[in-house]
Amino acid sequence: MSLHNEEALFLKKIEQEIKIEARDWMPEEYRKTLIRQISQHAHSEIVGMLPEGAWITRAPNLRRKLILLAKVQDEAGHGLYLYSSAETLGITRDELIHQLHTGKAKYSSIFNYPTLTWADIGAIGWLVDGAAIMNQVMLCRTSYGPYARAMVKICKEESFHQRQGYESLLALSKGSDQQKAMLQDAVNRWWWPSIMMFGPSDSESTNSEKSMLWKIKRQSNDDLRQRFVDATVDQANILGVTLPDPALKWNEARGHYDFGEINWDEFWNVVKGNGPCNKQRLAARVEAHEKGQWVRDAAMAYADKKKKRAA
């Protein structure tokens, strides 16, 4: 089959909502786009364990400790599913991790902000996981089969994480004045970084057009951001918190909330590695990888020994 015919068949599958599988022909640019997106998603799950993991030993009671421990464990599993999906595209796990450690591959900039109080953990569940779900539900229908199937389980668990975070904040909202102040402070610090999670505006996004054409993505960054704002305002009212945006108001004509301008200088500064915790997060991942080398070596030695015995 000629290259022209293979591309025509590929586009026909996309149009007819037939999943592209690992052994199917695909344009090189499609493969590279998927590797970039899936690896960034996988790295985000792994690096995202760090700000929350720091609070496991400081959770206020046993119930909260168990919930947070389970959540961090879920995120490790999400990273595993996603790395496995990326590997079906012809890249190795070692390459993916090397790209993260050398700064060639990015992860979500939201995880470069510090978790200063217990309320931050709830805010991450409510706002960060809430924004993630808004972005990830559409990925259950992404055109690449292995990625779409991984996302089904991930979205179910992320939905639970969002509810867990909100329930934690709801408890604080009914607590002492000090707890309510801690809650408001966390929302003040996490609101705008959560809005930034959807990426650059559509006019500045270099990858969105092709991703939408190939149905890797189903909605644009700005559309998803608007949906997130619309869905979150009523939840904030129940918590009794004020979202830190004086421009936030309902627009009857649009049927959506208007909201203020994002600080794009801050967004790009964090993306480029200059956020509050960029260097700390990356150093922690590199150290953990190096200290875990003996485990990988032992596993490979055992597998090799088992293989020789079977032979």
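What percentage of the 311 residues of the protein chain count as buried? The share is 47%, where buried means under 20% relative accessible area, exposed over 50% and partly exposed in between, with a 1.4 Å probe and protein chains only. This is a predicted model, in which local features need pLDDT of at least 70 and side-chain atom pairs count only at pLDDT 80 or more, while totals for chains, interfaces and linings use all residues. Residues are numbered from 1 along each chain as its sequence is written, and side-chain values use heavy atoms, with hydrogens and water left out.

**The whole chain**

The protein chain holds 13 helices and two strands; helices (H or I, at least four residues) and strands (E, at least two) are DSSP runs, numbered from the N terminus. Along its principal axes, the C-alpha trace of the protein chain spans about 65 × 55 × 30 Å. If contact means heavy atoms within 4.5 Å, then 76% of the contacts between residues at least 6 apart in sequence join residues at least 24 apart.

**Helix H8**

Helix H8 covers residues 177–196. Its 20 residues should span 28 Å at 1.5 Å a residue, and the end C-alpha atoms are 30 Å apart, which agrees; the expected span is 1.5 Å times one less than the number of residues. At Trp190, shortly before the proline Pro193, H8 has a kink of about 35 degrees, the bend being the angle between axes fitted to the seven residues ending at a residue and the seven starting there. Among the buried residues of H8 are Leu183, Trp190 and Pro193, and the buried residues of this helix pack against helices H6, H7, H10 and H11.

**Two buried residues**

Thr33 has its place in helix H2 (residues 28–47), whereas Lys217 lies in the loop between helix H9 (208–213) and H10. Thr33 counts as buried because its relative accessibility is 10%, and Lys217 is buried with a relative accessible area of 9%. The table lists one polar distance for each; a polar contact is a pair of N or O atoms within 3.5 Å, where, within protein, one must be able to donate a hydrogen and the other to accept it, and residues adjacent in sequence count only if both atoms are side-chain atoms.

| Residue | Partner | Distance |
|---|---|---|
| Lys217 side chain | Asn221 side chain | 2.6 Å |

Not counting residues up to four places away in sequence, Thr33 touches Ser211, Trp214 and Ile216, and Lys217 is in contact with residues including Gln37, Met138 and Ser211.
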